[in-house]
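Here is a short report on one model. Please look over the sequence and the structure before reading on.

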Amino acid sequence: MFRLFGRKRSKDHLKERLKLVLSYDRAKLTPGKMEDLKAELLQVIGKYFPADETEYDVKLEQHGDRMVMVANLPVKG
Amino acid sequence: MNAKAIVVTSGKGGVGKTTSTANVGAALARLGEKVAVIDTDVGLRNLDVVMGLEGRVVYDLIDVFEGRCKLRQALIRDKRVDTLHLIAASQTKDKSSLSESRMQETVRLLLEEEGFDRVLIDSPAGIESGFQTAASGADGALVVVNPEVSSVRDADRIIGLLEARDVREVRLIINRLRPEMVKRGDMLEVDDVLEILGVKLIGIVPEDERILVSTNLGSPASLDDTNRAGGEFRNIARRLKGEDIPYPVLDPQSGGLLGGLRRLFGGR
């Protein structure tokens, strides 16, 4: 019984994987395209201010009925 | 559900579309509705054998579409419940005459001329023309899903396509749920599936050997009141008619979901 608390349940992995793959499916986007988009965005952003590339993150999120693209761009201090 | 013509679909094959069509159709007929179940899986017909009516097929859906028989001649009346009727798919004929307009016209005739209360359309697997034809005749859908990765992904795709077709009422049947695996955290639970897919639930059917046994016998489990495994299909039929039937509580320790079902029905 106790080992249940020690490991991540397989259904939690499945749920995370499904949410990710469905967000790409629904947006009709491939993970590869997303990487291209990220790189290009970073170039554009970089023209205006120095962004921290290592912390840079773009992802799709489900907000109620709609898919939303969320970009997180910490500015170098 | 207000929908009179309901497509039963899933995207992925082998998740229980045909079993669900037969059982929900039979249960609706038992509740007094005049029901037609239509197999649209041309070339891979199975609804006839699942219902035990394979020996009585003379004409099929393609014969109707190509004018070789009257609609009424292709309707096979189930002798166990005389408000239940089947239109079989063709096993061998060319399916080029399958068309959305013929499908829509057939459904219209059944509802408006032949006095049917409900038409259930068993869709083939996939998202190609067979599914599209099946969905074209429908104003509602039962999406059958198993709580595993490929079935959930395919269901999501199908739900998107149904929305694009303007099929308004989409409800989810979670089939083959295994309470002991859910308990261990090795299977998605009902709330997970609903959260991921974002559609309304209409039934939770636990994995149960007796469903297979009743299929072996060609007698849908929902027709036999003593078959508890058919109970959730009977519940789906009642919810479909607007009754507020509680969902069974998942509790493997006290005999699983079946224990919950058993208590619900006041059975043994």
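How many residues does the contact take from chain B and from chain A? There are 11 from chain B and 11 from chain A. Keep in mind that this is a predicted model.

**Side of chain B that touches chain A**

Two elements of chain B each give two or more residues to this side: α7 (149-164) and α9 (190-197). Helix α7(B) gives the most, with 5 residues. By residue class, the side of chain B that touches chain A divides into 5 nonpolar, 1 polar and 5 charged.

**A helix pair within chain B**

Two packed helices are described by the angle between their axes and the distance between the axes. In chain B, the axes of helix α5 (residues 100-113) and helix α6 (residues 129-136) come within 8 Å. They cross at roughly 35°. The crossing of α5(B) past α6(B) is right-handed. The residues that make the contact are tabulated here.

| Helix | Contact residues |
|---|---|
| α5(B) | B:Glu100, B:Met103, B:Gln104 |
| α6(B) | B:Gln132, B:Thr133, B:Ser136 |

Which classes do these residues fall into? The contact of α5(B) with α6(B) has 1 nonpolar, 4 polar and 1 charged.

**Confidence**

Chain B has a mean pLDDT of 92. In chain B, 93% of the residues reach 70 or more. For the model, ipTM is 0.77 and pTM is 0.86. Where pLDDT is low, the predicted coordinates should not be read in detail.

Notes: Residues are numbered from 1 along each chain as its sequence is written. Chains are lettered from A and ligands numbered from 1 in the order in which they are written. This is a predicted model: local features need pLDDT of at least 70, side-chain atom pairs count only at pLDDT 80 or more; totals for chains, interfaces and linings use all residues. Axes are lines fitted to C-alpha atoms, for helices over the stretch in contact, and angles run from 0 to 180 degrees between N-to-C directions. Helices (H or I, at least four residues) and strands (E, at least two) are DSSP runs, numbered from the N terminus. A crossing is left-handed if the near helix is turned anticlockwise from the far one by less than a right angle, and right-handed if clockwise. Two residues are in contact if their C-beta atoms, placed from the backbone, lie within 7 Å. Ala, Val, Leu, Ile, Met, Phe, Trp, Tyr, Cys and Pro count as nonpolar, Asp, Glu, Lys and Arg as charged, and the others, Gly among them, as polar. pLDDT is the predictor's confidence in each residue, from 0 to 100.
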